[in-house]
Amino acid sequence: SWVLILNSGTMTIEEQVSKGIMAAMKAKDTIRLEVLRNIKKVFIEAKSVAGAPEQIADSESVKIIQKLAKQGRESAEIYKNQGREAHEMAQVEVLNEFLPKQLSEEELRTALKVIIEKVGATSAKEMGKVMGVASKELAGVADGKAISAIVKELLS
């Protein structure tokens, strides 16, 4: 049973991943170790880009982990047809621990109604304006496709 180290004072996601690697090694948790090492590898690659900061901001870390989780879900979907998705989904579970909690459809719908009101949009023609604001404000807590579908529904 893993207790997330998130929000433990001032520890960045990058530091949490490094700590998690040590804990997973001690616990001989191979799936967790594989996932955390992969995250660390991607962090190192991101930092090796010219002009990149020495430390990765948590907002950037979340984007990286979201991308890995999305790839994992897509791989699981492919493997599902072959009955081998369990390993991929176990990896996605580990990745999800480092991501902000996703909004429920109900919470997303409420947030989008507020954004639509704030932007003053009244028709589907103004979907772009709403999407621009929604994408920024809801980054990391809602899927772009879900945002788009609900905005389309609310404006039509």
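Predicted model: local features only at pLDDT ≥ 70, side-chain atom pairs only at ≥ 80, totals over all residues.

Biologist: OK, what volume does the largest pocket have?
Modeller: About 610 Å³. A pocket here is an open set of points on a 1 Å grid over the protein atoms alone, where a 1.4 Å probe fits, with protein on both sides within 12 Å along at least five of seven lines; lining residues have an atom within 4 Å of a point. The volume is the space filled by probe spheres set on the points, which are joined across faces, edges and corners.

Biologist: And which residues lie nearest its centre?
Modeller: Gln66, Arg73, Gln102, Ala142 and Asp143, out of 18 lining residues. Helix H3 (58-80) gives the largest share of that lining, 8 residues. Helices are DSSP runs (H or I, at least four residues), numbered from the N terminus.

Biologist: What about the second largest pocket, how big is its volume?
Modeller: About 160 Å³. Its lining includes Glu34, Ile39, Leu68 and Leu95.

Biologist: Switching topic: which residues have the most contacts inside the largest nonpolar core?
Modeller: Ile13, Val17, Leu36, Ile39, Phe43, Ile65 and Leu95, in a core of 20 residues. The largest share of this core, 6 residues, comes from H2. A nonpolar core is a set of buried Ala, Val, Leu, Ile, Met, Phe, Trp, Tyr and Cys residues joined through side-chain atoms within 4.5 Å. Buried means under 20% relative accessible area, exposed over 50%, partly exposed in between (1.4 Å probe, protein chains only).

Biologist: What does Leu95 touch?
Modeller: Val35, Ile39, Ile65, Leu68 and Ala69, leaving out residues up to four places away in sequence. Contact means heavy atoms within 4.5 Å.

Biologist: Last one: which residues of helix H6 are buried?
Modeller: In H6 (residues 127-137), Met127, Val130, Met131 and Ala134 are. Down the axis of H6 they fall within an arc of 100°, so they line one face of the helix. That arc is taken from the directions from the helix axis to the C-beta atoms.

Biologist: And what do they pack against?
Modeller: Helix H5 (105-119) and H7. The face of H6 turned away from the buried side carries exposed Gly128 and Lys136.

Technical notes. Residues numbered from 1 in each chain as written. Heavy atoms only, no water. Helix = DSSP H or I, 4+ residues; strand = E, 2+ residues; numbered from the N terminus.
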